[in-house]
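I am opening a notebook on a structure that is new to me, and I want to write down what I looked up in it, entry by entry.

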Amino acid sequence: MFITGLGTAVPAARYSQRECWEAFRAAPQFPRLGAPARALLERVLSGEQGVRTRHLALENLADAFELDPDVLTRRYLQHAPELATRAARAALERARLAPEDLDALIISTCTGYLCPGLTSYVGERLGLRADVLGLDLVGQGCGAALPNLRAAEALIAGKRAEHVLCVCVEVCSAALYIDDDPGVLISACLFGDGAAAAAVSSVPDREGPSVQWIDSASLANPAERESLRMESRGGLLRNILAREVPQIAAEHARILLSRTLKQHGLAASDIEQWIWHAGGKTVLERLRAATGLGETHTRRSADILARFGNLSSPFVLFVLAQAIEELAPAGWWWMSSFGAGFSCHGALLRVS
């Protein structure tokens with residue numbers, strides 16, 4: 001399988017962390033928070049936590065505090081199909097594919113629920129054939145991009161599809177929540193909205209770099225499920241985030257990387273480019289400590305985090321797109337995402 005085109009999309013509105021802090025202070029819920037929660041918000045939004053700006057599907061930041069299930073559902077319905085479609089069109093254009101060329105559309109999300117799923121809305125907007133297979137994948141959190149691509153790989157390897165479009169889209173502003181729980185508050189301070197799409201095919205792109213999907217692996221640990229998951233309370237989605245998550249993520253990522261490199265007779269020094277998901281600044285620090293990598297190896301992930309925040313499932317595809325746009329040196333590339341479950345995923349790419 002070859003990745004032949006990538007596309008990304010974010011809402012037009014971009015807010016600095018300082019703007020977000022001022023909005024929090026003016027929110028009606030703010031006085032009801034305990035002193036530790038208020039101090040946490042100020043520290044995360046005013047300090048150096050790796051995020052400078054975020055794109056949010058909000059006309060103004062005050063809208064973020066309208067915690068009504070119907071309002072949040074409408075926000076997701078309005079923005080998720082639009083963002084996914086924009087990213088999809090960009091990926092198809094870069095892959096030089098027409099909508100009628102596609103055999104399958106796979107969309108991952110965790111910040112909203114629609115029935116029929118997003119594939120119905122996005123497929124209609126793209127003008128896909130009526131016989132295109134649509135797969136809606138939910139509940140995989142930040143790690144969803146790689147399972148999505150693995151599903152496409154199975155379709156292509158089984159000769160059930162020649163061209164597949166893989167999309168990840170999250171409207172995190174439709175799943176923000178405010179209370180005294182530290183993990184919930186940190187999530188509200190770090191996550192942004194966006195979508196990313198990857199066109200994958202059975203043959204390489206003849207005009208651009210060849211990005212071949214060589215192998216992939218996953219590691220799931222349900223014993224850590226309570227550390228990172230989403231729950232519904234009062235009809236509202238909220239992210240559960242334990243303090244141990246950065247270390248859990250780093251250890252899972254180290255194990256998965258070590259296993260895959262060993263299977264292919266490779267060492268970490270053989271990897272030319274590192275495409276990491278970044279849950280936050282601390283996650284990247286723990287990743288480097290666990291794998292022995294330096295800041296240069298996580299530079300692109302840190303840059304995407306600074307400009308967009310934690311985008312959840314689309315994040316790792318944003319990093320991959322940036323590496324390709326920068327014409328990063330070819331060779332072996334490692335891509336890894338992790339999230340709810342607790343789950344970790346990795347893919348070995350060969351770029352030429």
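**A charge and some rings**

I began with Arg350, which lies over the face of Trp332 at 4.6 Å from the ring centre; a charge sits over a ring if NZ of Lys or CZ of Arg is within 6 Å of the ring centre and within 35 degrees of the ring normal. I keep in mind that this is a predicted model, where local features need pLDDT of at least 70 and side-chain atom pairs count only at pLDDT 80 or more, while totals for chains, interfaces and linings use all residues. Residues are numbered from 1 along each chain as its sequence is written, and side-chain values use heavy atoms, with hydrogens and water left out.

Next I looked up aromatic pairs (ring centres of Phe, Tyr or Trp, the latter by its six-membered ring, within 6.5 Å; planes under 30 degrees apart are stacked, over 60 edge-to-face, the rest tilted), and the count came to 4. The rings of Trp21 and Phe30 have centres 5.8 Å apart and planes at 75°, so I noted the pair as edge-to-face. Trp21 is buried at 4% relative accessible area, where buried means under 20%, exposed over 50% and partly exposed in between, with a 1.4 Å probe and protein chains only.

Phe24 and Phe65 also form an edge-to-face pair, 5.2 Å from centre to centre with 75° between the planes. Because Phe24 lies in helix α1 (residues 17-26) and Phe65 in the loop between β3 (53-55) and α3 (69-95), this pair ties together parts 41 residues apart in sequence; helices (H or I, at least four residues) and strands (E, at least two) are DSSP runs, numbered from the N terminus.

**Cores**

I then turned to nonpolar cores, which are sets of buried Ala, Val, Leu, Ile, Met, Phe, Trp, Tyr and Cys residues joined through side-chain atoms within 4.5 Å. The largest has 89 residues, and Val200 and Trp213 are among those with the most contacts inside it. Helix α10 (residues 315-325) gives the most to this core, with 8 residues. A second, separate core of 29 residues includes Ala57 and Leu128.

**Ser108**

Is Ser108 buried or exposed? At 0% relative accessibility, Ser108 counts as buried, and I found this residue in strand β4 (residues 104-109). The side chain of Ser108 makes a polar contact with the side chain of Asn148 at 3.0 Å; such a contact is a pair of N or O atoms within 3.5 Å, and within protein one must be able to donate a hydrogen and the other to accept it, while residues adjacent in sequence count only if both atoms are side-chain atoms.
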